[in-house]
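Colleague: I am new to reading protein models. Could you walk me through this one and tell me what the words rest on?

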Amino acid sequence: MPHTLVLLRHGQSDWNQRNLFTGWVDVRLSDLGRAEAKRAGELLVEQGVLPEVLHTSVLTRAIQTADIALEEADRLWIDVRRSWRLNERHYGALQGLDKAETLEKYGQEQFMLWRRSFDTPPPPIADDSEWSQVGDPRYANLSDAEMPRTECLKDVIARMLPYWESDIMPDLRDGKTVLVTAHGNSLRALVKHLDGISDDDIAELNIPTGIPLVYELGEDFMPAKPGEYLDPEAAAAGAAAVAAQGRK
Ligand SMILES: O=C(O)[C@@H](CO)OP(=O)(O)O
């Protein structure tokens with residue numbers, strides 16, 4: 001029996017709209033982001049993909065997106081689990097900075113290295129920075145070593161995959177249609193794993209906001225073919241817009 005997995009990046013956030021590096025900063029959805037989340041719920045209903053369990057990050061924009069989409073699908077009642085392991089990549093000292101200004105200041109090569117390279121993290125954020133998450137009660141159970149001050153995609157894979165195996169795979173094994181509502185870079189980490197994308201090629205992959213991406217997985221919890229967006233045209237346009245961020 002194939003397992004159905006639905007990945008959903010949160011709708012546009014206030015900081016996506018303002019073109020700021022976000023990472024673990026807990027910003028809310030913009031009006032457009034709420035509309036995208038509602039549309040995601042409509043797409044799930046229209047195409048008969050009805051989630052039976054939800055996994056989200058502990059960031060509000062992912063939680064809001066799931067709630068709005070599931071309300072639209074009349075599925076607010078399904079079981080929910082949340083984990084910091086699905087959080088956006090921690091953007092280190094770049095959190096709160098304007099993407100276009102950062103590009104201008106450091107140049108295209110450094111900007112893209114920080115943004116999309118597999119294993120080069122941005123400089124770490126200071127614990128007393130306005131945009132640090134140290135001391136945030138939702139991370140009280142993390143050890144100091146687990147609490148990131150910056151992350152590259154490789155680090156995200158290392159903290160996300162254990163949750164995939166321990167919590168998401170068992171729900172798939174139970175035959176449930178699983179919705180994972182998360183973030184541009186935490187979902188890039190999962191798609192890299194599922195689609196077997198190389199460390200170099202993953203730089204080119206961008207995930208659009210608010211469009212469900214559906215995988216049918218085999219008994220080994222791997223797909224026979226890449227996932228399919230429920231609105232492929234909007235997904236292509238959305239991914240191109242993410243790729244162009246930084247350019248004003
Ligand atoms: O700012 C961020 O946290 C991410 C996602 O919005 O941005 P980027 O696509 O530049 O990695």
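This is a predicted model: local features need pLDDT of at least 70, side-chain atom pairs count only at pLDDT 80 or more; totals for chains, interfaces and linings use all residues.

Colleague: Why is His-10 called buried?

Modeller: A residue is buried if 20 or more other C-beta atoms lie within 10 Å of its own, exposed if 12 or fewer, and partly exposed in between, with C-beta atoms placed from the backbone. His-10 has 32 other C-beta atoms within 10 Å, so it is buried.

Colleague: And why is Glu-88 called buried?

Modeller: Glu-88 has 25 other C-beta atoms within 10 Å, so the word buried applies to Glu-88.

Colleague: Which residues around the ligand can you name?

Modeller: Glu-88 is one of them, and others include Asn-16, Phe-21, Tyr-91, Arg-115 and Gln-245. To count as near a molecule or strand, a residue needs its C-beta atom, placed from the backbone, within 6 Å of it.

Colleague: What makes Leu-29 a contact of His-10?

Modeller: Two residues are in contact if their C-beta atoms, placed from the backbone, lie within 7 Å. Leaving aside neighbours within four places in sequence, His-10 is in contact with residues including Leu-29, Arg-61, Thr-181 and His-183. On the same terms, the contacts of Glu-88 include Thr-22, Trp-24, His-183 and Asn-185.

Colleague: How do you know that β1 and β4 pair?

Modeller: Strands (E, at least two residues) and helices (H or I, at least four) are DSSP runs, numbered from the N terminus. Two strands pair if DSSP finds at least two bridges between them. Five bridges join β1 (residues 3-9) to β4, and the two run parallel. Four bridges join β2 (residues 53-56) to β4, also parallel. Val-180 in β4 is the bridge partner of Leu-7 and of His-55.

Colleague: What makes β4 mostly covered?

Modeller: Five of the five residues in β4 (residues 178-182) are buried. Val-178, Val-180 and Ala-182 lie on one side, Leu-179 and Thr-181 on the other, and both faces are covered.

Conventions:
Residues are numbered from 1 along each chain as its sequence is written.
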